[in-house]
Amino acid sequence: MARVTLGLPSDARVAPRANIRRDTATQRPHVPWAESIARDLSRFAVLPDEAAARAELESRLEGLRAGLLASPYYTRRLRDAGLHPGDLRTLADLRHFPTLERGTLARHWDQVPTPLSHEDESVVVRSSGSTGEPVKVVRDRRDCLHMWAVLRFWLERARAVLPPRPRVVLLDALPGGLEYSVRLPILQDGALHRISVLRDNARERLSRVRPAVIFSDPEGLRWLSEQRDLPAPALLLTSAQYLPQDTRDALARSVPAPLLNYYATTETGPLAWECLGGPGRFHVLAPDVWLEPGLNEVVVTRLRPSVLPLLRYLPGDSGTVDRDACACGFHGWTLERFGGRGACHFTTPTGRTVDAWTLAWVFKHHALRAFRLTQLTPSSFELELAGADASEVTPLCERLVAALRNLGWSGSPRLDVRHVSAEDLATGTKPLPFRSRARVP
């Protein structure tokens, strides 16, 4: 990540230090803001009157119009379409406005955001690159702290009670093993710890921290389910979207805590969370975002203030949004028949299953139009690449083989590379970069 002030230079680097995420001294002024975000989410989650909900959402379009007017990209794009931000008066007006596709945001990442003032501070982050070339995304200070505000709301939905000065753990299953500990004033003067499950002392450190909240991916949750006699957290969270049932069952047996699965992208932030009363239904985080109902794909408009205005953004996921009253007590818009990233598991030569998405970070560091990694046998893989420069192939393969070794492939797993066109890898609205054809005994 790179700290960016007073503008967005096109050569802004993406460096490893997330300064404004971890700058605890400047979090305290934003505590009231975080509390207001959580209150609004709680209020909307039980608001039975659809007309009243829509009216309040439409009142937030004023801020979006101001962002569109200040965005160099949107000023040009809407003018070319014969539109003006002032034409956006109601939610129904959105259908007349153009969508923003992922590839367009990737090309114009420095033109979509609004200019920064002297008091502003932002960072540039990159998406995972798991569906092709990573997208650079500009975030301001509140964007970087927004997840902690949403966490306050989710804790309430899960009826999770935090101890004084709670400790939050990011349980990391990615190769590299980055670890750190920082204070977290925005969450009741707590602390944030990143712990790598690949370190020899991972279990001991987790026991010592005694986390109240744990974030992890499916591989980290699988590791957690295999541990015994650990302090029980108040809440587990993951953004796996499609979380394997066997992982859910194993966690339920070993970790007596509710598991909250949420839908988020790097570009948009958190969008919805899976109903705690049953899988498959994702409740939308209104009034922060609006997901257009009645379509067969996810179309996102951001309604909370941000340096990055998003109007009808297409993350590439399928699903249908409708308003309903859920048995869990939620009243609002719910995303069903969700087709985000598909689950895929690779099998090590010893028979252990590994979440293939654990390897997504490898591709984030290389410029590719698209890729697909297929497991052919327990010890061999095929890597299809589109748009890869010749100089990228060798370091990419070396990094990928090293990551596989860290995940349990001893020796040198075979990796065959094949160059293809991006069209060869097209599989619908969103690429499927991982698949397995290995026969499991």
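What share of the 441 residues in the chain do buried residues make up? Buried residues account for 55% of them, where buried means under 20% relative accessible area, exposed means over 50%, and partly exposed is in between (1.4 Å probe, protein chains only). This is a predicted model, so to speak of local features a pLDDT of at least 70 is needed, side-chain atom pairs count only at pLDDT 80 or more, and totals for chains, interfaces and linings use all residues. Residues are numbered from 1 along each chain as its sequence is written, and side-chain values use heavy atoms, with hydrogens and water left out.

**View 1. The whole chain, before zooming in.** The chain has twelve helices and 23 strands; these are DSSP runs numbered from the N terminus, with helices being H or I over at least four residues and strands being E over at least two. Take the contacts between residues at least 6 apart in sequence: 63% of them join residues at least 24 apart. Contact here means heavy atoms within 4.5 Å.

**View 2. Helix α12, with one face lined by buried residues.** Residues 390-406 form α12, a run of 17 residues that reaches 26 Å from first C-alpha to last, close to the expected 24 Å. That expected span is 1.5 Å times one less than the number of residues. Its buried residues are V393, L396, C397, L400, V401, A403 and L404. Looking down the axis of α12, these buried residues fall within an arc of 160°, so they line one face of the helix; the arc is that of the directions from the helix axis to the C-beta atoms. C397 is one of them, with a relative accessible area of 15%. Over on the other side of α12, S391 and E398 are exposed. After the helix comes G408, with a positive phi near 125°.

View 3. Spanning residues 141-157, α7 has 17 residues and reaches 26 Å between its first and last C-alpha atoms. The helix bends by about 30° at M147, the bend being the angle between axes fitted to the seven residues ending there and the seven starting there. Of its 17 residues, 15 are buried, so α7 is largely enclosed by the rest of the structure. C144 counts as buried, at 7% relative accessibility. R159 follows α7 and has a positive phi, near 55°.

**View 4. T26 and R141.** T26 sits in the loop between α1 (19-22) and α2 (31-45), and is partly exposed at 25% relative accessibility. Its C-alpha is 9.5 Å from that of R141, although the two are 115 residues apart along the chain.

**View 5. H283 in strand β12.** H283 belongs to β12 (residues 282-284) and is buried, at 0% relative accessibility. Its side chain makes a polar contact of 2.8 Å with the side chain of T334. A polar contact is a pair of N or O atoms within 3.5 Å; within protein, one must be able to donate a hydrogen and the other to accept it, and residues adjacent in sequence count only if both atoms are side-chain atoms. Leaving out residues up to four places away in sequence, H283 touches several others, including W273, C326, C328 and W333.

**View 6. T268 in a loop between strands.** T268 lies between β10 (259-265) and β11 (269-274) and counts as buried at 3% relative accessibility. A side-chain polar contact of 2.7 Å links T268 to T265. Beyond its neighbours within four places in sequence, T268 contacts V300, R302, R304, L310 and Y313. The C-alpha atoms of T268 and L310 are separated by 7.8 Å.
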